[in-house]
Amino acid sequence: MAATLVATDLPRELTPGQRALRRLWRRRGAMVGLAVIVFFVAIALAAPWISPHDPLATSWSAVRKAPTAEHVFGTDEIGRDVLSRVIWGARASLLAGVISVTISLLVGVPVGLTAGYVGGWTDMLISRVTDAMLACPFLILAIALAAFLGPSLTNAMVAIGIAATPIFVRLTRAQVLAVKVEDYVEAARAVGNPPLRIALRHIFPNIVAPLIVQATLAIAAAIIAEASLSFLGLGQQPPAPSWGSMLNTAKNYVENAPWMAIWPGLSIFLLVLSFNLLGDGLRDALDPRHG
Amino acid sequence: MGSFLLKRLAAIVPTLFFVSVLIFGLQQLLPGDPAIAMAGEERDPNVIAYLRGKFHLDEPLPVRYGYWLRGALHGDLGESVRIQQPVTDLIVEKLPVTLELAGLAMAVALVIGISAGVAAAVWRDTRWDYVANVFALWGLSTPNFWLGILMILFFSVKLGWFPASGYVSPSENLGENLAGMVMPAFVLGNALAAVLMRHTRSAMLQVMASDYVRTARAKGLDEKVVILRHALRNALVPIITLTALQFGELLSGAVLTEQVFSIPGFGKLIVDAVFNRDYSVVQGVVLFTATVYIVLNLLADLAYFAVNPRMRG
Amino acid sequence: MKIAPRIRCLATALAFAALALPAAAQTLRVGLAEDPDVLDPTLARTFVGRIVFAAVCDKLVDIDENLKIVPQLATSWQWAPDNKSLTMKLRPNVTFHDGEKMDAEAVKFSIERHKTMPGSNRKGELAPVSSVDVVDPLTVRLNLSAPFAPLLAQLADRAGMIVSPKAAKAAGEKFGSNPVCAGPFKFVERVKQGRMVFERFPNYWNKDAIHFDRVVYLPIVDSTARLASLQSGQFDVIERTAPSDVPALKKDSRFHVLPIVEIGYQGIDINIGKSDRAKATPIGRDPRVREAFELSLDRQAIVQVAMDGEALPGNQWVAPTNSFYAKSVPIPKRDVAKAKALLQQAGVTKPSFTLMTATTSDAQRLAQVVQAMAQEAGFDVKIQSTEFSTSLDLADKGDYEAYILAWSGRADPDGNVYSHLVCKQPLDYSGFCNADFDKLVGEARVTADPAQRARLYEQAVQIEARERPIIYLFHRHWLWAYTSKLSGFAKVPDGLMRLQNLQLAK
């Protein structure tokens with residue numbers, strides 16, 4: 001009797017998502033980036049346990065001391081341990097990045113979907129307002145918003161989130177416009193599906209890829225934006241640590257206490273670089289034309 | 001094509017209107033009374049009253065917007081409360097400075113970005129691709145004010161190669177002007193270089209896979225010629241059009257760069273104005289920037305149209 | 001032989017003349033910490049503007065290193081016996097930059113301009129001056145509605161700056177774009193770069209004391225960049241060096257740092273009556289809690305940590321080095337035990353309040369040090385960083401509990417206390433309203449005899465020290481840094497650089 005082929009013997013068909021993941025896995029840069037991000041998230045979560053000192057504990061006798069065994073990264077201008085502040089500061093920077101972009105997504109994507117799908121006057125209005133917001137330099141908008149809300153980390157996140165929203169509105173709208181004319185959407189409409197259902201079940205899944213890419217890159221930009229706002233005095237307020245505000249203070253002491261600036265600066269750099277690498281990798285993985 | 005152009009031109013006015021309303025409204029929401037902020041240390045009540053009257057600060061919001069709009073339509077963007085100079089004068093004064101900085105930054109970014117992008121596309125997925133990527137990304141990942149301070153400390157104080165700060169007009173001394181612009185242009189252009197690198201890379205990859213290039217290769221042309229003359233030339237147009245859209249980013253970056261290097265341009269003007277509640281200045285500068293940005297957008301779209309027949313009609 | 005001595009004399013004269021010949025054009029380049037506002041003495045309102053005015057606008061009188069009034073455009077003055085008028089004799093042969101003569105008419109014009117021009121910031125300073133009389137071309141009399149001791153000190157600042165009537169009338173409001181005064185340098189340009197250029201005025205009355213042909217002021221906000229500019233040789237002088245940069249500069253023999261104790265102060269205003277919010281916190285309600293708070297602070301340590309030692313601890317509105325300082329109210333020493341005892345007495349266990357501060361890193365550093373020290377006595381201080389414009393608004397409304405505030409200071413002690421602590425005055429953010437205090441300070445204002453004034457102020461200080469609407473912390477050092485080649489920098493407590501006698505060696 002001839003052996004019958006069993007289904008498990010056949011090579012399995014991968015879903016597009018799985019194919020994308022495999023492509024991503026192959027990109028070294030993205031994987032390194034992801035690893036670094038995971039590292040920072042880990043230390044941010046584990047801060048209470050791994051931080052050698054209390055990040056808020058001041059010490060008049062240990063002001064601006066160079067790195068020693070006790071203070072591996074040295075101390076800052078009022079005697080606090082820099083390493084502990086860098087560890088705890090990871091929380092603020094990660095939060096700043098993630099929450100701002102979440103706000104942008106939560107507001108921007110639905111608005112963009114609406115504009116792209118509904119069209120007409122709604123689209124025109126939304127597009128004009130979005131264009132208006134995009135025409136203002138991002139940082140200026142963020143500064144004005146942060147000044148309006150008052151200096152604090154939360155308000156900085158909201159300000160950055162709002163200032164970045166138009167980017168997602170525009171991106172979503174463009175993607176929706178491209179996908180709207182595809183056959184499967186026409187088919188869904190012809191069958192009589194309600195618009196909301198079409199938007200969520202048919203359109204949204206097919207535009208998610210570029211949104212993910214943009215979101216990842218936006219997190220990188222948001223972390224830098226928070227540092228910039230802190231540089232101007234509008235971000236995380238003392239004594240709570242954030243890398244951006246640490247840099248703001250450290251800039252006055254670069255010559256006599258460079259360690260105050262090196263470590264937070266390096267951390268921002270590594271974290272932002274990782275998000276950028278990951279975002280690039282995602283873009284290549286999700287869009288085969290680029291890969 | 002013509003109708004597209006007309007539609008876009010027509011869209012400019014309502015967009016600008018929205019911009020002006022947005023910024024005006026936002027500023028009025030800012031807590032803090034500009035009259036008090038401007039009145040001087042002694043907070044003389046007479047001076048405060050005078051300033052309130054002069055700048056219509058006691059009138060309701062729509063009325064104040066009306067005053068401003070009427071002035072703007074006549075070319076009068078109001079007066080800076082802080083320096084008591086017309087906003088238009090300030091813009092004319094500071095614009096060339098920021099333009100020069102942005103222009104030089106753009107040049108730096110194009111040089112670094114395009115060469116890195118071409119290298120990354122040609123040697124794709126190899127070590128060089130990775131290195132070029134990281135190099136360009138470095139610019140995007142470092143806060144530019146931070147980079148600026150490090151550069152000042154290294155190149156100005158330790159090495160003495162460039163001046164630490166300030167600005168010399170090119171009409172006065174071109175050499176000093178350029179010397180003072182090297183570091184700020186580099187700092188500002190870094191972030192843009194990364195974006196350009198990516199654009200160049202993807203544009204080049206697209207072009208290199210096209211029939212046009214395949215034909216050139218089939219003709220037996222040297223690879224270098226193929227890349228530089230055929231591929232790059234075609235890739236340049238979308239690159240340039242995308243670059244024009246980055247103007248807004250440049251201005252954002254300029255804000256901090258100008259603070260650190262003390263360059264008296266737009267960025268510094270605007271930050272000071274927001275903090276001092278100098279409404280007219282913020283309003284005027286943002287409106288001006290928005291106009292330029294929108295016009296650039298339009299030009300970029302036109303160029304894109306000219307290149308991409310598929311999008312016409 | 002008569003010829004030889006004459007030749008020798010001639011030779012000597014020629015030699016001296018050769019030495020006196022001006023060297024190649026000397027420019028003094030100054031780095032400022034901020035961009036000055038409008039350069040019109042009537043409208044100006046910033047400290048940094050006064051630095052620039054020192055080059056271009058001379059005043060009726062000036063103050064010296066000991067805060068004594070010395071002649072400048074006026075050579076002598078005399079109070080009337082009832083102290084209600086001041087007669088001043090003016091220096092002859094002084095001209096303005098436009099060639100016009102500086103005389104009593106010009107002085108009258110300038111003072112009236114300060115008093116009447118819309119938007120003038122000098123109205124309050126010259127409020128008691130009711131009229132100005134021209135007695136003769138070189139004598140002017142200021143008539144007062146009531147005796148006003150601080151008048152001469154006011155005339156040593158912008159209120160005493162005399163402008164050319166011809167230029168002021170022609171320019172009106174726009175005078176600030178091209179100021180024409182009687183100072184050592186005349187305005188050349190202020191344009192484009194934010195920098196201001198002035199060139200030597202050849203007919204300056206004190207031209208022998210001026211050793212530069214040009215002065216250039218350039219604002220550089222970032223203190224690191226400003227310092228770097230000094231170190232790289234771009235500037236000859238910079239103002240407001242960061243305290244943390246001082247040790248490195250001191251070690252460098254190419255530069256010199258001059259600390260000048262300011263005539264102002266840095267302190268904490270406490271809302272004790274400006275609004276209902278005063279009653280919301282124990283520190284606003286109860287003077288014992290305020291005393292406990294003061295006792296928890298170690299001013300010397302604060303100065304050391306927050307200011308790198310570049311400040312003088314103080315507890316009154318004038319510095320301990322000032323002649324009006326009340327020696328009977330010395331700086332209290334830190335006493336945490338007593339602070340805790342007072343809190344117990346007042347029946348407060350964990351007093352908490354919000355400390356409003358500016359967003360600059362200096363202000364935040366200070367706030368954090370205060371917070372940490374007060375915590376040891378049991379205070380829970382919450383730091384509220386507020387943007388400057390917003391904080392002014394809040395303070396004005398009384399919507400705050402405690403506020404770290406600095407005052408740039410005035411030469412006369414009245415300028416440091418009247419507006420700040422007399423009931424309902426514009427700068428009385430704390431809402432302090434004490435009738436006895438007001439009477440004492442008001443009387444000190446109209447008393448001419450310095451010894452009598454000192455006694456009145458002493459009593460006022462005693463009241464303030466008891467009630468503590470403001471807790472004075474220290475008096476900062478104005479830190480001027482300059483190349484060692486510069487000499488002749490006068491150490492005047494108002495912190496301004498004067499160009500007379502300033503010299504740059506080759």
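Colleague: Which residues of α17(C) are buried?

Modeller: This is a predicted model. In α17(C), the buried residues are C:R453, C:L456, C:Y457, C:A460, C:V461, C:I463 and C:E464.

Colleague: How do you know that they line one face of the helix?

Modeller: Look down the axis of α17(C). The buried residues fall within an arc of 165 degrees, so they line one face. An α-helix has 3.6 residues a turn, so residues three or four places apart point the same way.

Colleague: What covers the buried residues of α17(C)?

Modeller: The cover includes α15 (414-421), α16 and β18 (470-483) of chain C.

Colleague: Why is C:R468 called buried?

Modeller: The cut-off for buried is under 20% relative accessible area. C:R468 has 12%, so it counts as buried.

Colleague: Where is C:R468 found, and what is its phi?

Modeller: C:R468 is in the loop between α17 and β18 of chain C. That places it just after α17(C).

Colleague: Is C:K424 buried or exposed, and what makes it so?

Modeller: Exposed means over 50% relative accessible area. C:K424 has 75%, so it is exposed. The residue lies in the loop between α15 and α16 of chain C. C:K424 is not a glycine, yet its phi is positive, at about 65 degrees.

Colleague: Turn to the second largest pocket. What is its volume, and which residues are closest to its centre?

Modeller: The volume is about 880 Å³. The lining has 36 residues, and those closest to the centre are C:L67, C:K68, C:S323, C:F324 and C:A411.

Colleague: Which elements of chain C each supply at least two residues of that lining?

Modeller: They are β4 (74-79), α4 (151-155), β12 (255-261), α16 (435-446) and α17 (450-467). β12(C) gives the most, with 3 residues.

Colleague: How many residues of the lining of the second largest pocket are nonpolar, polar and charged?

Modeller: By class, 23 are nonpolar, 6 are polar and 7 are charged.

Technical notes
Residues are numbered from 1 along each chain as its sequence is written. Chains are lettered from A and ligands numbered from 1 in the order in which they are written. This is a predicted model: local features need pLDDT of at least 70, side-chain atom pairs count only at pLDDT 80 or more; totals for chains, interfaces and linings use all residues. Side-chain values use heavy atoms; hydrogens and water are left out. On a 1 Å grid over the protein atoms alone, a cavity is a set of points where a 1.4 Å probe fits but cannot get out, and a pocket is an open set with protein on both sides within 12 Å along at least five of seven lines; lining residues have an atom within 4 Å of a point. Grid points are joined across faces, edges and corners, and a volume is the space filled by probe spheres set on the points. Helices (H or I, at least four residues) and strands (E, at least two) are DSSP runs, numbered from the N terminus. Ala, Val, Leu, Ile, Met, Phe, Trp, Tyr, Cys and Pro count as nonpolar, Asp, Glu, Lys and Arg as charged, and the others, Gly among them, as polar. Buried means under 20% relative accessible area, exposed over 50%, partly exposed in between (1.4 Å probe, protein chains only). The arc is that of the directions from the helix axis to the C-beta atoms. Contact means heavy atoms within 4.5 Å.
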